[in-house]
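Trainee: I would like a close look at one part of this model. Please walk me through it step by step.

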Amino acid sequence: MRWEEHYRGAEKDLDAVLKNIGALLDRLPGEAAEKACVAVASTSRYNDALSVLENQCFTLVQAGDPAGAMAAVMSSEYDRLKGLYAQSVAQADAETGRLVGNAKTQDRQFTLTIAWMVLMAAVVMSGLMVLSVSRSRGRAMAMAAEMTKDLRASEAGTQTALAKLAAYRAALDEQTIIA
């Protein structure tokens, strides 16, 4: 009964996936997460009901009643449950798709908000740097003007001192020639 082993393995995997998705959705806030959680719970519920009928089929095959086994999985109840299962899977897919889409939109909006904040900070910093440079330039120009004024005053004082020195020298030379 290789097909039964295959079924049991797939059944365990599906149960684990449904439980993991349900646990993840339980932790998420919001109406979209609640809707997705309800849809996944419905899928799990219908999967469990189908599993009961499928296990009944395995039991009947092992008991040597293939006609009873076929009747179990070909019944209107089995078809009804398969239809409800398919609907709940489609609903769960749609709801989780919306949830993922909403999360992507929120991530994009958050990223754009951060990008704009960084851009605004860069503009403000650039403006402050320009302001600082222009103030520094103004201070540097004032200092240069002050230093130029001081140098001119010093040059005038030096020229006066040189002129006096030349006059003293000329007077000394005259005194020396007379003497």
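Is the crossing of H2 and H4 left-handed or right-handed?

Mentor: Keep in mind that this is a predicted model. The crossing of H2 and H4 is left-handed. Here is how the two helices sit. H2 covers residues 31-62, and H4 covers residues 76-178. Their axes come within 8 Å and cross at roughly 155°. An angle over 145 degrees counts as roughly antiparallel, so H2 is roughly antiparallel to H4. Sorted by class, the residues in this contact are 16 nonpolar, seven polar and five charged.

Now check the length of H2. The helix has 32 residues, and at 1.5 Å a residue they should span 46 Å. The end C-alpha atoms of H2 are 46 Å apart, which agrees.

Take one residue on the way. Ala41 lies in helix H2. Its relative accessible area is 37%, so Ala41 is partly exposed.

Next, follow the chain past the end of H2. Just after this helix, Gly64 takes a positive phi of about 85°. Helix H3 spans residues 66-73. The axes of H2 and H3 come within 7 Å and cross at roughly 170°. That makes H2 roughly antiparallel to H3. On the H2 side, the contact is made by Leu53, Gln56, Cys57, Leu60 and Val61. On the H3 side, it is made by Pro66, Gly68, Ala69, Ala72 and Val73. By class, the contact of H2 with H3 has eight nonpolar, two polar and no charged residues.

Notes
Residues are numbered from 1 along each chain as its sequence is written. This is a predicted model: local features need pLDDT of at least 70, side-chain atom pairs count only at pLDDT 80 or more; totals for chains, interfaces and linings use all residues. Side-chain values use heavy atoms; hydrogens and water are left out. Axes are lines fitted to C-alpha atoms, for helices over the stretch in contact, and angles run from 0 to 180 degrees between N-to-C directions. Helices (H or I, at least four residues) and strands (E, at least two) are DSSP runs, numbered from the N terminus. Angles under 35 degrees count as roughly parallel, over 145 as roughly antiparallel, 65 to 115 as roughly perpendicular and the rest as oblique. A crossing is left-handed if the near helix is turned anticlockwise from the far one by less than a right angle, and right-handed if clockwise. Ala, Val, Leu, Ile, Met, Phe, Trp, Tyr, Cys and Pro count as nonpolar, Asp, Glu, Lys and Arg as charged, and the others, Gly among them, as polar. Buried means under 20% relative accessible area, exposed over 50%, partly exposed in between (1.4 Å probe, protein chains only). The expected span of a helix is 1.5 Å times one less than its number of residues. Contact means heavy atoms within 4.5 Å.
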